[in-house]
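Me: Please walk me through this structure feature by feature. Give me the rule for each one, then the case.

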Amino acid sequence: MVHTIKRKFVASYRGVMRYNFNEIEQRWQEYWARNQTFKAENNSDKPKYYVLDMFPYPSGAGLHVGHPLGYIASDICARYKRHKGFNVLHPMGYDSFGLPAEQYAIQTGQHPAITTEKNINTYRRQLDQIGFSFDWSREVRTSDPKYYKWTQWVFIQLFDSWYNLDSDTAEPVAALVERFQKNGNLDVQAACDEDTQSFTSEDWRAFSEEKQQKILLKYRLTYLAETEVNWCPELGTVLANDEVVNGVSERGGHPVIRKKMTQWIMRITAYAERLLQGLEKIDWPESLKESQRNWIGKSTGATVRFNLKAHNDIIEVFTTRPDTLFGVSFMTLAPEHKLVREITTEGQRAEVEAYIEATSRRSERDRMADVKTISGVFTGAYAQHPFTKKPIPIWIGDYVLASYGTGAVMAVPSGDQRDWDFARHFGIEIPNIFKGVDISESAFADKENTVITNSDFLDGLNYKQAVARVIEELEAIGQGAGKINYRIRDAVFSRQRYWGEPFPIYYKNGLPHLIGVEHLPLLLPEVEKYLPTESGEPPLGRAKTWAWDIEKNEIVSNELIDGETVFPLELNTMPGWAGSSQYFNRYMDSGNDEAIFSQDAINYWQQVDLYIGGSEHATGHLLYSRFWQKFMYDRGYVPFDEYAKKLINQGMILGTSAFAHRLEGENKFVSADMIKDKTTQPIHADVNIVNASDELDLDAFKTWRPEFADAEFELNTEGSFKVSRDVEKMSKSKYNVVNPDDIIERYGADSLRMYEMFLGPLEQYKPWNTAGITGVHSFLKKLWRLYADDNGLRVTDVEPSKDNLKTLHRTIKKVEEDIENFSFNTSVSNFMIAVNELSAQKCHCRAILEPLLILISPYAPHISEELWNQLGHEKSIAYEVFPEFDASYLVESTKTYPISFNGKMRFTMELSLDLSKEEIEKAVMAHDKTQEQLSGRTPKKVIVVPGKIVNIVG
């Protein structure tokens, strides 16, 4: 059927030989869609290749020209691999749960689903018109119940699992219950809550069901806990650390505070070591790997327990330098530490409370980044040194984080610069414990050259010796032990918003219970408003029908809640990263209603071969998805514990912003080339009202910014008003966004695709310049003229020349190497060289131009399809075999010799490289131009260097 349609298609358009790119591109996009040209099969005799893009959040603004950069690169790879004989999976979908749609719903009352659908339609139109070879039959949307059914399913598997440290793997909770029934938890080595109590099998059997469920919550891989979170009152939700920038929400710039809330948590810490080790077997950018290593933050040291004076409690710290224990002169607790309010004396309480309040307004990331500010408050309390028994003052300081370690540090100012600065600032003692070292001006942190002194039994020991000895002594007195610590914390998995995946959880006596997988998906309910309730509950608290009947197994009215058969459902929803943590596997079998994917599908596609996306997701999506993949591997659902073999972080296309300059304190603007020594305030101007000569359309500017309608504008000597330019992130807020729709209408999608690749290496940041695309567009028109002019096809069946073949095969070699090495910009340059050479050679040879089209088609698929079709081919070019490089065509058989007389080159001769020295001399001496130069004279000698030069002397 496809071939029949194709023949009609060819007959209809044969003879239209003008390069009308708008018509051509629309035709082929419709053809690809109609014939599902890029649909992948889950069974094939071909080798498989899975190319994945990070799917976008469909914002209302649509795409700008910076967004497609990674998609174009991945599409080139996908098309190239099809040419190389692979069965290629190249899917696309939408990460469609998100705050913007919910914020719009709050403002307008429009359901987020309506906004999201509209935005997706815009994205789909834009993606289609760029000519991507996506398999749209596998499209997923995280907000589609058919999709989030499986996100809920994964949550259920996590809830039903625990982490066995002995086997270093996740196992079903049912197996843990069996162990409890036989032996209690005395021999269970598990990743669990620190306050988990020991119990025997008799204890377990005697516990009530409620008590047993509470204990199991301490082991489950997803659990409920009260934790410090980033709370954004304006957005009414908790934000992840990577969603908070400089103390405000990344989206909207709203203030964020730290507060304690009961949240769903993912026990990612159980996988900390495996997440670290897994980085060694995946081909991801080293900078991204290092970001994850730092985020996981593995460190080796010891825990030390300090008894409190006047309190029946202890403070436990983790330190990587237990050898410096005798240098402790104070302790610092995180302001959020659970003991702070308990141990603070009345005389210090007001100051401590004020400091806690101030710290709550700063994010953890801000506090970690701020290394210059020194602040803290003395609590009035003291701890006791485990060996000397001396009192140690306890302070609080915002440089200590409750989420890292134990939320407390033993401060050794002689060995840590931050502690030294803190001690010097507040007048705290700085005891020197390093032999032969002056610490009067700064701390000494060179552990490799450490010799301990003033430290009792550690005196004279080096770093390694002292560490081993102090751990031994701490363990002997029961006040410490050696330990490996990780900075990573368990991940908060709750959001207090409407537009997200509902948890498949109902509450019985305050404890969470699962809804059966057979009843999924649990659908979002309707609500009148999308704001939190007046009592502070999440928006789902407004739903009138949001209770679960365990007998009917369905959602019923809240009025029916009776605590016996009808129970309240969870009011929180899942975070944004939930839907993106298994989407790459769901693509393999996205139409499957019975399972997240079939074993046949997952075993065929196995892993993503190439993943392209932004580095900004290093410690968010890219870490959480690796965690989920390892869990799925443990439970036997996937064959590999890493889902992406290779990852490339594409750079960013930057905007070239325009600035109109207003005189400081006046309503007067000055042309940028007339500023001189004047003090001005640069104000962003929309780049769409600035021409290629940087001249601002003043009428359009006044209409766009009515507050400047009456402003005075000082023009330059040519009577125009110029703006200045600067390169910034392309962003709607900077008014430097270039819409791909406009570029495609003016230059075509193939021009856009090739220009974005031509701008520079994929991984680099590079500025957009619309004027630059004209060169690429001119190249495509020149390419067209190789094949056709207004009179029709120019392609003939004549035999190719040696120069034709040399140009083609050099291009084949370069393009293949470039794509394999993801050096797309150099391929575009090589295409231009090839077309220039073939044009100069007046080449219209089918044997050259047909393979050239296959080479170019991954970059410029529309023009390639059109010309391929015009050459009489019935099938799409998409699956044509990639041309094979033949090195013999690049071997030179002749040499162009410079013929010199007394060292001055007078003419050149092309001679065979097979000629001997004598034969070269004979051929040169017989040449008319040689005789003309000699004018009958006999040369003194003839110098011949075969393959290089000929010089006639005399």
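Predicted model: local features only at pLDDT ≥ 70, side-chain atom pairs only at ≥ 80, totals over all residues.

Me: What is the strand order of the open sheet of four strands?
Reply: Strands (E, at least two residues) and helices (H or I, at least four) are DSSP runs, numbered from the N terminus. Two strands pair if DSSP finds at least two bridges between them. Here the order is β2-β1-β23-β24, and the pairing is parallel. β2 (87-89) and β24 (647-649) each have a single partner strand, so one side of each lacks a neighbour in the sheet. Neighbouring strands are turned by 15 degrees against each other on average, direction ignored.

Me: How many bridges join β1 to β23?
Reply: Three bridges link β1 (residues 48-53) with β23 (residues 610-613).

Me: Which strands does helix α3 lie across?
Reply: Angles run from 0 to 180 degrees between N-to-C directions; axes are lines fitted to C-alpha atoms, for helices over the stretch in contact. Helix α3 (residues 68-83) lies across β1, β2 and β23, and runs at about 170 degrees to β1.

Me: Is N736 buried or exposed?
Reply: Buried means under 20% relative accessible area, exposed over 50%, partly exposed in between (1.4 Å probe, protein chains only). N736 has a relative accessible area of 1%, so N736 is buried. N736 sits in the loop between β29 (724-729) and α21 (740-747).

Me: Which side chain makes a polar contact with the side chain of N736?
Reply: A polar contact is a pair of N or O atoms within 3.5 Å; within protein, one must be able to donate a hydrogen and the other to accept it, and residues adjacent in sequence count only if both atoms are side-chain atoms. The partner of N736 is the side chain of S657, at 2.9 Å.

Me: Which residues does M632 touch, leaving out those up to four places away in sequence?
Reply: Contact means heavy atoms within 4.5 Å. M632 touches W153, V154, Q582, I596, F597, Y637 and V638. M632 belongs to helix α19 (residues 621-634) and is buried, at 0% relative accessibility. M632 and Q582 are 50 residues apart in sequence, yet 9.3 Å apart in space, C-alpha to C-alpha.

Me: Which members of the largest nonpolar core touch the most other members?
Reply: A nonpolar core is a set of buried Ala, Val, Leu, Ile, Met, Phe, Trp, Tyr and Cys residues joined through side-chain atoms within 4.5 Å. In the largest core, of 159 residues, they are F493, Y611, W768, Y787 and F824. Another core, of 42 residues, lies apart from it and includes V304, V352, F444 and Y463.

Me: How many aromatic pairs does the structure hold?
Reply: Rings of Phe, Tyr and Trp (its six-membered ring) pair if their centres lie within 6.5 Å; planes under 30 degrees apart count as stacked, over 60 as edge-to-face and the rest as tilted. The structure holds 67 pairs. F199 and F207 are edge-to-face, 5.7 Å centre to centre with 75 degrees between the planes. F199 is buried at 4%, whereas F207 is partly exposed at 21%. F378 and W395 are tilted, 5.7 Å centre to centre with 40 degrees between the planes. F378 lies in β13 (residues 377-384) and W395 in β14 (residues 391-396), so this pair ties together parts 17 residues apart in sequence.

Technical notes: Residues numbered from 1 in each chain as written. Heavy atoms only, no water.
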